[in-house]
Amino acid sequence: MNMTDEIFSLIDAEAARQLDTLMLIPSENYASRAVREAAGSILCNKYSEGYPGRRYYEGNEIIDQIETETTERAKKIFGVPYANVQPYSGSPANSEILFALAVPGSTIMGLKLASGGHLTHGHPNVTFSGKYYRSVQFGLTVDGQIDYEEMREKALLEKPSVIILGTTAHPFMLDWQKAREIADEVGAYLVADISHIAGLIIAGVHPSPVSYAHVIMTTTHKTLRGPRGAMILVTDAGLKKDSELPKKIDMAVIPGMQGGPHNHTTAAIGIALGEAATAEFTAYGKQIVANARALANALKKKGIQLVGGGTQNHLIVMDFASTGEGQGVLVAKAMNAAGLVANFNTVPSDTSPFYPSGVRIGTPAVTTRGMKETEMEQIADWIAQVVNHVKHIHVPTEKKERAAFVQQFAWDVKMDAFLLNIAKEVRALCAQFPVEREV
Ligand SMILES: *Cc1c(COP(=O)(O)O)cnc(C)c1O
């Protein structure tokens with residue numbers, strides 16, 4: 001096999017994995033063939049540092065049209081006066097926003113990682129946002145809601161220049177109005193990070209931050225179902241607070257943090273935005289939420305505890321803390337062996353981020369496959385079978401023994417006949433809901 005075929009055979013194997021298993025990770029999705037073709041197109045050959053009409057390279061007449069059209073689509077679908085579609089992905093986009101709005105060493109605020117925030121929202125010690133800014137973080141109330149009281153008290157005390165509100169593992173809707181009131185009390189910019197929920201906002205099944213946030217960031221590859229990428233939006237409220245915001249964001253993206261834009265990605269984002277502007281996409285967004293609700297109810301009927309008791313959006317966090325700390329790791333690995341691909345996640349009672357007690361699941365990808373409430377009940381049944389199958393196994397309390405134990409467990413479940421049998425049933429369901437397999 002030559003070296004190209006060697007990689008392509010791996011892509012082919014991954015395509016089979018994506019086809020034959022249930023993609024329950026809530027930040028993943030199946031992009032359309034059109035999106036993937038644009039992302040794999042010859043546009044990757046072109047350098048275009050700068051913005052339409054003001055590039056540092058010649059030959060950008062066509063690229064300018066692609067970027068302008070994509071930018072216009074982004075502005076139209078969200079109802080904002082400005083968009084920058086060049087950020088390479090969500091994490092660089094958040095760094096660019098901070099670079100634009102806050103001088104190094106100034107105070108920023110965001111939701112704790114363990115409470116469902118993102119690394120880039122000021123996670124201390126190991127991230128750009130936590131090392132180069134003075135990061136103050138808020139968390140959740142005992143019932144799993146964003147603690148707006150804590151946000152307010154800390155904001156009044158610490159006077160942040162930026163407050164970021166956005167989540168990666170939160171099953172409830174966000175209260176943009178409340179966050180804006182707090183930001184206004186201290187004169188901070190409110191940044192809405194809607195990476196997970198952009199598609200739900202477009203479909204009208206989650207409140208939009210457009211009337212409240214000054215700046216909005218979204219990735220394009222989650223519920224929006226585009227290529228891996230991101231965009232930064234400035235709202236009318238943002239322009240009113242600071243008319244220089246568009247210029248500040250543009251400057252932070254390039255020359256601040258990036259070089260040449262990924263034109264193939266820009267074109268694919270444009271296509272995804274075109275797809276998202278259709279009635280089919282609205283129906284898709286509604287079905288994502290209906291499916292999540294059906295899945296949550298079916299899981300509860302099987303006796304599985306959920307963080308916050310259910311969901312209002314596309315995701316669910318199952319809470320196995322009562323079985324033992326670290327149980328989420330075991331359940332996620334056993335589910336994977338059964339063809340149910342998810343990720344372990346912290347729950348409010350967890351003390352270790354490495355051995356959390358929860359598993360995060362979501363419905364965006366299975367809904368793209370065309371699955372509905374009936375299939376959610378079947379999925380809940382499989383998940384409950386897996387949970388029961390491993391509930392007598394626990395991560396050792398002795399910290400030194402944990403890593404080796406989990407490694408052995410991950411190995412054992414791959415050969416577990418009970419789990420492999422579920423994987424076979426999962427494959428049969430997947431065959432009824434095909435996705436395009438071409439690489
Ligand atoms: C996914 C996500 C990001 C980061 O996006 P990447 O493309 O993985 O860098 C940032 N914020 C939130 C809320 C996210 O869900």
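1. In this predicted model, helix H13 passes helix H15 in a right-handed crossing. H13 covers residues 327-337 and H15 covers residues 373-390. Their axes lie 9 Å apart, at an angle of about 125°. Angles of 65 to 115 degrees count as roughly perpendicular and those over 145 as roughly antiparallel, so H13 and H15 are oblique to each other.

2. The H13 side of this contact consists of Gln327, Val331, Ala334 and Met335. On H15, the residues they meet are Ile383, Val386, Val387 and Val390. Sorted by class, the contact of H13 with H15 has 7 nonpolar residues and 1 polar residue, with no charged ones.

3. The largest nonpolar core has 46 residues. Those touching the most other members are Leu22, Leu299, Met318, Met335, Leu340, Ile361 and Ile383. At least two core residues come from each of helix H12 (279-301), strand E11 (315-319), H13, strand E14 (358-362), H15, helix H16 (399-413) and helix H17 (417-432). The most come from H15, which gives 9 residues. Met335 and Ile383 also belong to the H13 and H15 contact.

4. Met318 deserves a separate entry. Leaving aside residues up to four places away in sequence, Met318 touches Leu299, Ile304, Gln305, Leu306, Met335, Val347, Ser357, Gly358, Val359, Ile361 and Ile383.

Terms used
Residues numbered from 1 in each chain as written. Predicted model: local features only at pLDDT ≥ 70, side-chain atom pairs only at ≥ 80, totals over all residues. Heavy atoms only, no water. Axes fitted to C-alpha atoms, helices over the stretch in contact; angles between N-to-C directions. Helix = DSSP H or I, 4+ residues; strand = E, 2+ residues; numbered from the N terminus. Parallel < 35°, antiparallel > 145°, perpendicular 65-115°, else oblique. Left-handed = near helix turned anticlockwise from the far one by under 90°. Contact = heavy atoms within 4.5 Å. Nonpolar A, V, L, I, M, F, W, Y, C, P; charged D, E, K, R; others polar. Core = buried A, V, L, I, M, F, W, Y, C linked by side-chain atoms within 4.5 Å. Buried < 20%, exposed > 50% of the residue type's maximum accessible area, 1.4 Å probe, protein only.
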